[in-house]
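Open your viewer and keep the selection tool ready. We will go from stop to stop, and at each one you select a few residues and look.

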Amino acid sequence: MATIQTLGLSKTYGKGESTVKALDGVNVTIEQGEFVAIVGRSGSGKTTMLDCMGLLMRPTSGVITLDGIDARTLNDRQRAELRSRHIGFIFQEFNLLPTMTAMENILLPLRYSGGDRKAARTRAEGFLEEVGLAQRARHRPTQMSGGEQQRIAIARSLINEPTLVLGDEPMGEVDTDTANALLGFMRRINAERGVTFVIVTHDLDLAARTDRVIRLRDGHVISDGRPSAQAAPQAAA
């Protein structure tokens with residue numbers, strides 16, 4: 001599950017005079033293995049679009065397909081199963097459980113999806129090594145910095161070997177150097193394993209280091225293409 005397509009995707013909140021259209025007829029296709037940034041001002045519909053793609057939210061109208069599977073045909077149980085087995089999520093606030101160690105947080109998705117725990121632990125140890133936190137496996141979130149917590153959260157999103165990872169401002173709570181390191185790690189996973197990444201970000205420099213930038217304004221796609229050649233050198237600095 002890595003190719004995403006939306007057709008006429010719309011999401012409306014409220015009724016009557018208080019109606020707000022968060023998304024209004026969005027048509028987007030994201031192919032397997034792409035690394036895509038969704039950018040736009042607050043209220044442009046970025047997070048709503050991500051939540052609809054991740055099957056966390058049902059659109060008001062329109063179609064979402066994941067590798068040809070029409071999400072409208074799935075009941076709640078089927079949607080949850082698809083999410084747990086094929087989609088990883090990274091959140092701005094980390095969403096780590098404070099009573100669990102780093103290793104336990106990384107392995108948490110297995111409680112819902114099942115799978116080989118021994119193999120998953122081996123993967124988790126490898127992720128901890130890759131992000132430079134092997135020595136933190138037994139530490140709890142309160143004993144780690146924000147950047148360390150987000151590295152754990154990214155490792156957790158990958159533990160079930162998803163084909164699609166969705167990130168809502170995944171670098172929003174860390175400093176620039178840490179953000180660059182985290183993006184580098186995700187890009188490496190993208191290149192080596194063919195995992196599709198779609199991230200929402202306000203940081204245009206980070207967005208310029210992705211393969212493609214989708215710009216939203218008032219629920220509409222206003223541009224969709226490769227980052228500008230002018231922005232890329234600045235982002236790499």
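A crossing of two helices is left-handed if the near helix is turned anticlockwise from the far one by less than a right angle, and right-handed if clockwise. Keep that rule for the first stop. This is a predicted model, in which local features need pLDDT of at least 70, side-chain atom pairs count only at pLDDT 80 or more, and totals for chains, interfaces and linings use all residues. Residues are numbered from 1 along each chain as its sequence is written, and side-chain values use heavy atoms, with hydrogens and water left out.

**Stop 1: two helices**

Select residues 146–158, helix α6, and residues 176–193, helix α7. Helices (H or I, at least four residues) and strands (E, at least two) are DSSP runs, numbered from the N terminus. The axes of α6 and α7 lie 10 Å apart, at an angle of about 15°. Axes are lines fitted to C-alpha atoms, for helices over the stretch in contact, and angles run from 0 to 180 degrees between N-to-C directions. That angle makes α6 roughly parallel to α7. Angles under 35 degrees count as roughly parallel, over 145 as roughly antiparallel, 65 to 115 as roughly perpendicular and the rest as oblique. Now apply the rule: α6 and α7 cross in a right-handed way.

Show the side chains. From α6 come Gly 147, Gln 150, Arg 151, Ile 154 and Leu 158; they meet Thr 178, Leu 182, Phe 185, Met 186 and Ile 189 of α7. Contact here means heavy atoms within 4.5 Å.

**Stop 2: the cores**

Next, select Ile 152, Leu 158, Ile 159, Met 171, Met 186 and Phe 197. In the largest nonpolar core, which has 40 residues, these touch the most other members. A nonpolar core is a set of buried Ala, Val, Leu, Ile, Met, Phe, Trp, Tyr and Cys residues joined through side-chain atoms within 4.5 Å. Buried means under 20% relative accessible area, exposed over 50%, and partly exposed in between (1.4 Å probe, protein chains only). Which helix gives the most to this core? It is α7, with 6 residues.

Zoom in on Met 171. Beyond its neighbours within four places in sequence, Met 171 is in contact with Ala 179, Leu 182, Leu 183, Met 186, Ile 199 and Leu 206.

**Stop 3: two positive phi angles**

Go to Leu 55, in the loop between α1 (46–53) and β4 (61–66). Leu 55 is not a glycine, yet its phi is positive, about 60°. Is Leu 55 buried or exposed? Leu 55 is buried, at 2% relative accessible area.

Jump to Asp 218, in the loop between β9 (212–217) and β10 (220–225). Asp 218 also has a positive phi, near 50°. Asp 218 is exposed, with a relative accessible area of 56%.

**Stop 4**

Select Thr 6 in strand β1 (residues 4–13). Thr 6 is buried, at 1% relative accessible area. Leaving out residues up to four places away in sequence, Thr 6 touches Val 26, Asn 27, Val 28, Met 53, Val 63 and Ile 64.

Finish at Met 100, in the loop between β6 (87–91) and α3. Met 100 counts as buried, at 10% relative accessibility. From Met 100 to Thr 48, the C-alpha atoms are separated by 30 Å.
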